[in-house]
Amino acid sequence: MLVQLIAFLGYQTFMSVYNPILFNQTKEKRYAQVIESLIDIRDAQLAHKQVTGRFSDDFNKLVTFIDTAKFTITQRRDTSVVDEVLTKQFGVTMTKDMVVIDTLGYASVKDSLFKSDNRYKTMMNVPVGEEGAKFSLKAGFINQNDIRIPVFEAMVKKAVILFDQDKDLINQENQVVSVEAVNGDALKVGSMDEVNTNGNWPKNYAAND
């Protein structure tokens with residue numbers, strides 16, 4: 001009986017150490033996949049803002065935008081022109097400097113961002129975790145110094161990504177505070193409260209970000 005108790009306690013001690021290791025391995029793998037999707041969403045949103053002046057709060061419209069929209073390719077050049085007012089005032093030819101923006105052509109948003117890859121059509125789907133889960137997407141404006149500035153936020157709760165993992169470990173993960181971890185209870189990019197298009201993950205989770 002004593003031997004069985006010792007074996008049981010030994011097993012419990014082992015699992016108390018081993019389970020968090022497995023949890024962290026699963027967490028890091030899933031977070032990396034989710035972050036890849038969030039980066040795609042951010043790239044699409046930044047393109048949408050560049051072309052339309054605002055972010056989108058609808059994934060279907062964002063996909064349609066990528067399928068159909070084009071970037072305007074421009075060239076900026078400095079030039080000088082005759083300043084008619086000063087020329088008339090001083091009786092000699094006077095010039096003024098100015099900047100001219102030339103339109104050179106147009107480029108497909110889809111080709112620029114995703115080339116032949118169609119993954120943007122499913123970027124609203126959380127790639128791992130709870131089946132059928134989707135990212136939430138918000139967009140709007142905030143006022144700074146009487147200027148309306150477009151903002152957006154895409155996010156998914158950690159509990160959705162890790163839905164099949166130990167609940168106590170998920171609760172601990174939701175409360176984590178560290179420069180090398182994803183702080184808070186969600187993975188997200190952007191913000192509805194400030195001008196910020198960054199993600200809330202550290203660089204070790206997304207080397208290409």
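In helix α6, Leu-169, Ile-170 and Glu-173 are buried, where buried means under 20% relative accessible area, exposed over 50% and partly exposed in between (1.4 Å probe, protein chains only). Seen down the axis of α6, the buried residues fall within an arc of 105 degrees, so they line one face of the helix; the arc is taken over the directions from the helix axis to the C-beta atoms. Turn to the face pointing away from that buried side and the exposed residues Lys-167, Asp-168 and Gln-172 show up. At the start of α6, a side-chain oxygen of Asp-166 comes to within 2.9 Å of the backbone nitrogen of Asp-168.

A word on the ground rules. This is a predicted model, in which local features need pLDDT of at least 70 and side-chain atom pairs count only at pLDDT 80 or more, while totals for chains, interfaces and linings use all residues. Residues are numbered from 1 along each chain as its sequence is written, and side-chain values use heavy atoms, with hydrogens and water left out.

Overall, the protein chain has six helices and five strands, running α-α-β-α-β-α-β-β-α-α-β from the N terminus. Helices (H or I, at least four residues) and strands (E, at least two) are DSSP runs, numbered from the N terminus. Of the 209 residues in the chain, 33% are buried. Contact here means heavy atoms within 4.5 Å; among contacts between residues at least 6 apart in sequence, 60% join residues at least 24 apart.

Next comes the core. A nonpolar core is a set of buried Ala, Val, Leu, Ile, Met, Phe, Trp, Tyr and Cys residues joined through side-chain atoms within 4.5 Å. The largest one has 40 residues, and Val-34, Leu-38, Met-123 and Leu-187 have the most contacts inside it. At least two residues of this core come from each of α1 (2–52), α2 (59–68), β4 (147–157), α5 (158–161), α6 (167–174) and β5 (186–190). The most come from α1, which gives nine. Leaving aside neighbours within four places in sequence, Leu-187 is in contact with residues including Tyr-31, Val-34, Ile-35, Leu-38, Val-156 and Lys-158.

Lys-158, in helix α5, counts as buried because its relative accessibility is 0%. Its side chain reaches the backbone oxygen of Glu-173 at 3.1 Å, a polar contact (a pair of N or O atoms within 3.5 Å; within protein, one must be able to donate a hydrogen and the other to accept it, and residues adjacent in sequence count only if both atoms are side-chain atoms). Not counting residues up to four places away in sequence, Lys-158 also touches Tyr-31, Asn-174, Val-182 and Leu-187, among others.

As for the sheet, three strands form an open one in the order β3-β4-β5, with antiparallel pairing. β3 and β5 stand at the edges with a single partner strand each, so one side of each lacks a neighbour in the sheet. The twist averages 25 degrees from one strand to the next. Strands β4 and β5 pair over five bridges in the antiparallel sense, with two strands counted as paired if DSSP finds at least two bridges between them. Val-156 has Leu-187 of β5 as its bridge partner.

Finally, two loop residues have a positive phi. Most residues other than glycine have a negative phi. Lys-115 has a phi near 55 degrees and sits in the loop between α4 (109–113) and β3 (136–144), exposed with a relative accessible area of 57%. Asp-146, in the loop between β3 and β4, has a phi of about 65 degrees and is exposed at 80%.

Technical notes: Axes fitted to C-alpha atoms, helices over the stretch in contact; angles between N-to-C directions.
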